[in-house]
Amino acid sequence: MLTVDSERGSEIMGNLRKKSKLLDSRMISGVIFRLALLALGVQVTVFARSSVGLHGPQIPLRAPSIGIGIRQDQNLAKPHDQPPVINEAEFIALPVDHFGHGSPSSETFQNRFWVNATYWKEGGPVFLFDSGEQDAEPLVPYYLQEFHGLSAVMRLAKRYNGLAILWEHRFYGKSLPFPVNENTTVEQWQFLNTEQALEDIVFFANSFPGQKVKAAPFSNASTVPPSSPPPPPPPPLQKFPVHPSTTPWIMLGGSYPGIRSALMRIRNPDTIFASWASSAPVQAQVDMSSYYKAAERSLTRNCSADWVAVTRHVDDTLKGGNETDIVNMKFDLLKARLSGPGGNTTGAAGLTLQIAKDTSNVDAASILMDPLDFYQYYGFKASLLPFCNILETQNGTSAAFESGLVAQFGVDTAFKSFLTAIAEIDYDSIPGNADDPVQDRSWMWQYCSEYGYYQRGDSNNPLSIETSFLSLELFQEQCNQTFGKGLPASPQVQNVNKYGGWNMNPSNVMFSNGEFDPWRTMGLASIESNSPKRTPSPIIPACNKPLSESSSASTFFGITYDNMVHVSDMRVLLVPDDNHSDFKTVGFYSPVSQEPFFTGLGLFQLALDEWLPCFGK
């Protein structure tokens, strides 16, 4: 048996624990996932999947481009070449408890927001961009200052002489009613829920005046010494007469903020006049085994067939009774994760059969899902095609087969090539973004208590590329271990779905989705078997009227972008930068294509041209 000194063994175990954490249900897939793709030295080919049935449309067979193409259009606003001066953050005192459910009504906390009034003229609308479940500060340069690109909130503010606001969600960033850590109590967590967070927006909007507040004039020139300083300016909120009773408030957001944008229009139409909900999974559901179905649909036919077969092979082996086969398979999986390109196994030098034996089934089997870590924002072409190329050509040593390796040589050959592809891409060597423990813990409370979205593996799905060891019970166990007594026995999804879920039919809301976005499966454009299978329509509804008056409408106002993934339209990157290299991103944004931004923005502007004239009528 291989041996290793205790210090090296501890290091190996630490690395394995770090890499084998369960993929949680956060809309940004845990922390922002990281990876640097191997530059393939040989041009290789995979076969496009069929355009029939669940397999989705044919995928163009072009090598992925890591860089972002710059649109050469002289009519576009020139993006900033240097990071602009970041707006000063402002704060508003919000009630910890808007409803008197447990906290004293006088207890408040400071909630952070930013304002850009560059284009604002009195009478112009408010465009509120919701940052959702993240620290909002890193978003300021890209969304309010348009660093290296353009943003929907600022383009709209410019077009309509509007006021742009970036809003930070309670329990994230600096907007903390209580410190967020392992000592946060369930009694404190109860104030992080859908209703409290939505009511924050109502309170904030109603804090603005309906008419301009002027600085107090000198009461009497004869009684005020000439040397007296001028009166103080009005408080920050008082500078803008944009109360929702006199000014249309328009809310924008992607992912969870997209949910909030839709719910606010339904819940508080007197506050939010219109919304743009991008990639919004409005159907809260405990069982979200559909998450990886979107990724599978985007795969080429041969890669899908082999991935499905290898996943089932690993699950079946680990569930079997042959201890030798189980340990050897775990060892091979761990070795692939720890190894590097070119057959470099230095990283796995301390790996032992005992370490493999001590590794849980779910941690070992989840290694097959490493290539999916960054799929949510980068999609098939940019993130999975290089992996599939290595898999299907056995690392460039043979031609690809349209039917896949399993059909030609059997599952053992496919499994071996799968492990080689994991090692060659070398996920484990990329440091990636620093984790945000506040963000992680706060969002975990939200999905454990209300939203669910447990991305389990479905053994009954014949096309599953996710291990069945990721079970509903395992997700719930993690929630219970993290928060303990006081957490609901199961996520209270009815708190969200009471607004309609898949069947919501709001007025003045545009819904946009990516064709292969994993979160589309919980959105209005879902094609899952248990969904109503509604379809988007670009027909702009009349102001304050849904596209269809029927509560079971088969269509909704919006658009689904071909081949796109998660939140590809809230901004556009025109100049590549380090924050969007190596499969990183800022906020909830897919930088793989520029077209969805211009398409979505154009359609929403046409809608606002139709809706805004009826405000107040």
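**Around S366**

Trainee: Which residues does S366 touch, not counting residues up to four places away in sequence?

Mentor: S366 touches R337, T467 and L470 on that count, where contact means heavy atoms within 4.5 Å. This is a predicted model, in which local features need pLDDT of at least 70, side-chain atom pairs count only at pLDDT 80 or more, and totals for chains, interfaces and linings use all residues. Residues are numbered from 1 along each chain as its sequence is written, and side-chain values use heavy atoms, with hydrogens and water left out.

Trainee: Is S366 buried or exposed?

Mentor: S366 is buried, because its relative accessible area is 12%. Buried means under 20% relative accessible area, exposed over 50%, and partly exposed in between (1.4 Å probe, protein chains only).

Trainee: And where is S366 found?

Mentor: In the loop between helix 11 and helix 12 (375–392). Helices (H or I, at least four residues) and strands (E, at least two) are DSSP runs, numbered from the N terminus.

Trainee: New topic. Which residues of helix 16 are buried?

Mentor: L474, F475, Q476, C479 and F483.

Trainee: What do they pack against?

Mentor: The buried residues of helix 16 pack against helix 4 (186–189), helix 11 (361–365), helix 15 (437–451) and strand 9 (452–454).

Trainee: What comes just after helix 16?

Mentor: G484, with a positive phi of about 70°. G484 counts as partly exposed because its relative accessibility is 32%.

Trainee: How far apart are G484 and T185?

Mentor: They are 299 residues apart in sequence, and 9.4 Å apart in space, C-alpha to C-alpha.
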